[in-house]
Amino acid sequence: MNMTADRTRPAGLAAIDHEMARQHGDALATYHAAGRMAEKAAASLKKTGRLLLLGMGGSHAVNRAVEPLYRNLGIDAVALPLSEQLGQPLPIGDRTIFVTSQSGESAEVVRWFNETGGTQETFGLTLEASSFLAKTAPSLVGAGGTELAFAATRSLTVTFAQHLAVLAVLGEDPAAALAVLEAPEDHDIAAALAALENVAAVVTSGRRLQGVAEALALGLTELSRRPCFSLEGGQLRHGPMEMLGPEIGVVLFRGLDETAALVTAMAISAVETGAPVILFDASGRAPVAGAVTIGFAPATGLAAIFAMLPVAQRLMIGFAETRVENAGTPVRSSKITRSE
């Protein structure tokens, strides 16, 4: 089913458009306002040297994306779904804990604090200053208030900006990431959408950028209601390659880092299966023959994430638009998940 010129845009997608239009400005405002709380969180990390990142859904995808950035600074960082921490917990003593929830009201967040009482080294990352999380733990609060649209877009970008503020205090140079937020790259996604036109499912994958792949897979699933999921590059190699073929779309993320060659090898292998392959590429390397490459200025870390994420969001929206009449309006879930 193709879009027609006179078709009214679904309200859910219009709401997402509104959030996305604000995300760069809100992310910059978040970074510049984070000062004191970012310093406190960074001081905790310098003291403990260990970080446990807890969240659900898009918040967990953000945690997965920043995990390697903290590790790169010598911090023993682990990201776990909050639901997993509730059922089979890692020890919480002697660690800094970041609990991330854009609403600050998720069922798992409330239960974790009720059951553990939190710790002296626990910090919240949220968009809602009046939320349970912000009232319960010292918190970085993102600019612009709660995200109202269903699939996470602005909340991801704003949460990444919160991490940028903490990483900057720890010694990471924020200049490249801030430059991307101030002057976003725009890219035509028509060829990528055309390549995915006839797929039944999508698998996303990366190496250092695996967290971004996971964020995209979640949004694709939520909006298109098709099975779209993410496998870290090595995990995709170990057996699941069997599923690849013309009906399975593959979306890969390649940055300017030491894992780029592995993403390149996966792109070549995926093309050979006949699967349509989309490559989000900030590596500076040559495009992969047979893949639709969306090329960005060479970048790594949060600069690469900030560049790629809004374009990936547009891809996920375009993919859903052609498959679902009321894309962006949930039918089996809600924006704030208050039940487990």
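Phe113 is buried (under 20% relative accessible area, against over 50% for exposed and in between for partly exposed; 1.4 Å probe, protein chains only), with a relative accessible area of 6%. The model is predicted: local features need pLDDT of at least 70 and side-chain atom pairs count only at pLDDT 80 or more, whereas totals for chains, interfaces and linings use all residues. Residues are numbered from 1 along each chain as its sequence is written, and side-chain values use heavy atoms, with hydrogens and water left out.

Seven aromatic pairs are present in the structure. Phe113 pairs with Trp112 in an edge-to-face arrangement, at 4.9 Å centre to centre and 80° between the planes. Rings of Phe, Tyr and Trp (its six-membered ring) pair if their centres lie within 6.5 Å; planes under 30 degrees apart count as stacked, over 60 as edge-to-face and the rest as tilted. Trp112 is buried, with a relative accessible area of 1%.

The rings of Phe160 and Phe306 have planes at 85° and centres 6.4 Å apart, so this pair is also edge-to-face. Phe160 belongs to helix H7 (residues 154-169) and Phe306 to helix H13 (residues 301-321), so the pair ties together parts that are 146 residues apart in sequence. Helices are DSSP runs (H or I, at least four residues), as are strands (E, at least two), numbered from the N terminus. Both Phe160 and Phe306 are buried.

Arg226 is found in the loop between helix H10 (210-224) and strand E7 (228-230) and is partly exposed, with a relative accessible area of 29%. Contacts of Arg226 (heavy atoms within 4.5 Å) include Arg323 and Val324, not counting residues up to four places away in sequence.
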